[in-house]
Amino acid sequence: MEKMKRLFLVVMALVALCAAAQVERPKLVVGIVIDQMRWDYLYTYTWGDRGFNTLLTDGYRCNNTIIDYVPTVTAAGHASIFSGTTPAFHGIAGNSYSINGKTVSSVQDDTEKAVGGNEKTRGKSPRNLITTNIADQLYLATDYKSRTVGVALKDRAAILPSGHNPVGAYWFDSYSKSFVTSTYYCDKLPKWVADFNKKNRDVLAGDINNTPAGTIITFALAEQALINEHLGQGEATDMLTISVSNTDMAAHNTGSHSPKVDSIYWQLDKELARFIGILDERIGRDNYLLFLTADHGGTHGCPRMESINMPNGAWESGEARNVANEELKKQFGVDLLLKKDHGFTFYLNHEAIDSAGLNTHEVAQAACQALAKPNEVEWAVEVADLDNYPIPSILKERIKLGYYPGRSGDIYVIQRTGVQLGKTEWAGSNHGTWSQSDSHIPLIFMGWHVTPGETSRLTHMTDIAATVCAMLHIQAPNGCIGTPILEY
Ligand SMILES: [Zn+2]
């Protein structure tokens, strides 16, 4: 009997082994995000036979990929790309939001400490990301054998894509001018990261956020991660996430198509070519699945649009809140009924409303009226009462998909199309709205089992994770609402 039992177990183990061996997967998944890269930049910044051209020629292009929620900002974008869902489910409702009344940045975690950096560098983690993502699902599907590394200049752009169990996530710390991580991941900076910081000390001390040096250093760190963590060399599929942040920072400061932004994309095109070459050599084109996309697009700055008679405008949320608070004080006799704002979302002062015995809905309605402003804000809506506002259903849907209870504000503001957050005199570009300029992103898949081609049918940011997971035959992230794009 005992012998039979043992034989049965051996057979079952063999069956399990064969089943596992039958699942064909690439050695490596590479997810590249270009911060604030609007879709049309693919065709603006393609110079000759370089990186973008390789992707356009050898990849499968989705020409109509849209972000289905607002606000279209960095943290929400990075979380959504890799989790296949939106802030309503993954909880990353903005670059910063409110948790228990306290404003936090998307990845701030004061229960953790910085690893590397200096006394000003703070602890970070992916704990605010409520759902799983591609890296997490790979980790689960491979009995924890899959290894992921995330790199970027921005903390949120390294942390949110790489999930809850990467071997490492590394971002640039502006206080110490070095790449750092946090105790969530490890207690000591790996030697290869410490060596990288030492070797590149002079470059890191410069202005890497606004120059091509930021692009070079990001891909150089990604290359070191590939080599030192042996990504794509193990028995399970590994993952590398790379986010290029200086494209966004330079565009905010100097405007899309400024000479600075042009020079960064020029360099990016070269770095992509070089990095694809490294992947081809180390892993092999047929053994890695790469995708490139963006966390959001961006507008043209007001001065540029004004100079060519195009509709434009700017709106400042802090100023609007002050004006609205004056109006609310006149009506209700209470100070600061709008407690704070994070760009497009405004928070009511519930303590003041309760202690003055006011009706929340009445205060919210009055606040919406005070925030709506001809030529700048078309609609300000109380999210809890959204269905009763006469606004297009597409906007209602995007507000709902971007709203997370307890983190997002009570009121959402939709600016007039073409009006950006900021001042009219700023040449810098911005983003965050529902409009095409902010929500139409590039998406290209290349490598393992990808047949070159293109589609202009409507696809969604949330389809990216759905596609990758379907191709790998792993369960989609637990909050995924996307649909696979590629047939495989
Ligand atoms: Zn961004």
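This report describes the predicted model of one protein, from its overall form to individual residues.

## Basis of the model

Residue numbers start from 1 along each chain, following the sequence as written. Because the model is predicted, local features need pLDDT of at least 70 and side-chain atom pairs count only at pLDDT 80 or more, while totals for chains, interfaces and linings use all residues.

## Overall form

The protein has 19 helices and 22 strands. Both kinds of element are DSSP runs numbered from the N terminus: helices are H or I runs of at least four residues, and strands are E runs of at least two.

Along the principal axes, the C-alpha atoms fill a box of roughly 85 × 65 × 50 Å.

Of the 488 residues, 52% are buried. A residue is buried if 20 or more other C-beta atoms lie within 10 Å of its own, exposed if 12 or fewer do, and partly exposed in between, with C-beta atoms placed from the backbone. Among contacts with a separation of 6 or more, 72% link residues 24 or more positions apart. Two residues are in contact if their C-beta atoms, placed from the backbone, lie within 7 Å.

## Two domains

The domain assignment gives domain 1 (26-301 + 433-472) and domain 2 (313-421); such bounds come from an automatic or database domain assignment. The centres of domain 1 and domain 2, taken over C-alpha atoms, are 32 Å apart. Each domain gives 20 residues to the contact.

On the side of domain 1 that touches domain 2, α5 (87-90) and β4 (96-99) each supply at least two residues. The largest share, four residues, comes from β4. This side of domain 1 holds 10 nonpolar residues, nine polar residues and one charged residue. Here Ala, Val, Leu, Ile, Met, Phe, Trp, Tyr, Cys and Pro count as nonpolar, Asp, Glu, Lys and Arg as charged, and the others, Gly among them, as polar.

## Strand pairing

Strand β11 (residues 238-244) is largely enclosed by the rest of the structure, because seven of its seven residues are buried. In a regular strand the side chains alternate between the two faces of the sheet. In β11, Asp238, Leu240, Ile242 and Val244 are buried on one side, and Met239, Thr241 and Ser243 are buried on the other. Strand β1 (residues 28-34) runs parallel to β11 and is joined to it by seven bridges; Val33 stands opposite Ser243. Strand β8 (residues 148-152) also pairs with β11 in the parallel sense, over five bridges, with Val151 as the bridge partner of Ile242. Two strands pair if DSSP finds at least two bridges between them.

Another sheet is open and consists of three strands in the order β19-β3-β22, with mixed pairing. Its edge strands, β19 (440-441) and β22 (459-460), each pair on one side only. Strand β3 (residues 65-66) and β22 run parallel and are joined by two bridges; Thr65 has Thr459 as its bridge partner.

## Two helices

Helix α4 (residues 74-83) is largely enclosed by the rest of the structure, since 10 of its 10 residues are buried. Just after α4, Gly84 takes a positive phi of about 70°.

Helix α12 (residues 259-282) has 24 residues and reaches 34 Å from its first C-alpha to its last, close to the expected 34 Å. The expected span is 1.5 Å times one less than the number of residues. The buried residues of α12 include Ile264, Leu268, Leu272 and Phe275. Just after α12, Gly284 takes a positive phi of about 95°.

## Two individual residues

Asp269 lies in helix α12 and counts as partly exposed, with 19 C-beta neighbours inside 10 Å. Not counting residues up to four places away in sequence, Asp269 touches Tyr45, Trp47, Arg50, Gly51 and Phe52.

Asn118 is in the loop between β6 (108-115) and β7 (122-124). Asn118 is exposed, with 12 other C-beta atoms within 10 Å. Beyond residues up to four places away in sequence, Asn118 touches Tyr175 and Ser176.
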